[in-house]
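Trainee: Could you take me through one part of this model slowly, the sheet and what packs on it? I would like to see how that part sits within the whole.

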Protein chains: 2
Amino acid sequence: MSQREVGKEQQPVSPELFRDVIRHLASGVTIITSMGSGGPVGLTATAVCSVSAKPPMLLVSLNTASHTVEGVKASGAFAVHLLSHADKAYAENFALPEHHFDGVSYRADQATGAPILNKALGYLVCVVENAVPVADHILFIGRVVGCGLNDKQPHPLLYFDRNYRKLSSETETPATILEPWGSAQDIGMVSA
Amino acid sequence: MSQREVGKEQQPVSPELFRDVIRHLASGVTIITSMGSGGPVGLTATAVCSVSAKPPMLLVSLNTASHTVEGVKASGAFAVHLLSHADKAYAENFALPEHHFDGVSYRADQATGAPILNKALGYLVCVVENAVPVADHILFIGRVVGCGLNDKQPHPLLYFDRNYRKLSSETETPATILEPWGSAQDIGMVSA
């Protein structure tokens, strides 16, 4: 292949084409909250990614223009809430421009001040260890300092192809993979 | 609250507790591939996160000890494959320690050399723009230089609570949120 072809190939694809593919990456729906200088802030997001278990770390990707980014920068902490399918109204509410916490029951995390919604499948409170700007977004990489599960028989709220979805109730043969996130099993290193 | 309590609260949670919560974050199952010095490498992963659409960027989180990390470092590129539920055998195969490409049909991306599996729901080829070490993992942040969708009526392979799952076929009311990843809708900035 010629050098010219390589250069041409390495141009980014169009945002439209990218969206058309990436919207088929299924994800759990979350609400990310933080305590801003003017009060609690939060938004609905799917860009949440587990990073490591030892120590427990995860990341979120937020648009730099959002109020939630200001809150995370000001407080150095955020909370990620995993939503149940029954929490769909929460997801819709936090996807609107404002009034996110109206009528929403929450408590402030004792250590970080991050608002923890009382009704969610589960939550993880994180202290920011690193912030990485990427285009018009910022990655907040957090150490998990608190977490909990409210629902022992959870039915998660999913997002796929621009719509909310739920899991099929069909049972499947157990997966061989134990921790697919950051898997090291390609060298046989099953998690210790 | 006393300073002592704050300090105590900000210790990381145990890996066991973290896993018990984060395994309830549903995700699409992917296979991440790259071209290593000794041939194609790859692994099954869920730690894939869309970052921005303008320009199209995504990230993957990989255990630093994996062969796939060596390949991504050597080639400066990787491919992410979104799997259909019918591709479950692929996911199992790439979660094993070796022989990932035995009997697997793939082609090399012309520009980057990244192996593109011919049978997958969709794929995205990325050139590495930044690499961020986090604990025993490394985040590769990539610019999307090629992508495609093979399946127009996709049934994605999901991972939830340590098991493969599929979506329910139930239809739901359309979501208000257009782009929940990195949403900026908390200030009313619906995507332009």
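Mentor: Buried residues make up 52% of the 192 residues in chain A. Keep in mind that this is a predicted model. Chain A holds four helices and twelve strands. Of the contacts in chain A between residues at least 6 apart in sequence, 65% link residues at least 24 apart.

Now for the sheet you asked about, which we can follow in chain B. Seven strands of chain B form an open sheet in the order 3-2-6-9-10-5-4, and their pairing is antiparallel. Strand 3 (39-45) and strand 4 (48-53) of chain B are at the edges; each has a single partner strand, so one side of each lacks a neighbour in the sheet. On average, neighbouring strands of this sheet are turned by 30° against each other, ignoring direction.

Strand 4 of chain B runs antiparallel to strand 5 (residues 56-63) of chain B, and five bridges join the two. Within this pair, B:Ser52 is found opposite B:Met57 of strand 5 of chain B.

Next, look at the helices on the sheet. One of them comes from the other chain: helix 2 (residues 15-22) of chain A packs on the sheet and touches strand 4, strand 5, strand 9 (122-134) and strand 10 (137-149) of chain B. The direction of this helix makes about 105° with that of strand 10 of chain B. Helix 3 (residues 67-75) of chain B packs on the sheet too, touching strand 2 (30-36), strand 3, strand 5, strand 6 (77-82), strand 9 and strand 10 of chain B. Its direction makes about 55° with that of strand 2 of chain B.

Finally, how are the two chains related? Chain B is superposed on chain A by a rotation of 180° with 0.0 Å of shift along its axis, at an RMSD of 0.0 Å. This is the relation of a two-fold axis. In chain B, B:Ser168 has the C-alpha nearest the axis, 1.9 Å from it. Both copies use the same surface, as 100% of the contact residues of chain B recur in chain A.

Methods: Residues numbered from 1 in each chain as written. Chains lettered and ligands numbered in written order. Predicted model: local features only at pLDDT ≥ 70, side-chain atom pairs only at ≥ 80, totals over all residues. Pairing = 2+ DSSP bridges. Axes fitted to C-alpha atoms, helices over the stretch in contact; angles between N-to-C directions. Contact = placed C-beta atoms within 7 Å. Buried ≥ 20, exposed ≤ 12 C-beta atoms within 10 Å, placed from the backbone. Least-squares fit on C-alpha atoms with pLDDT ≥ 70 in both.
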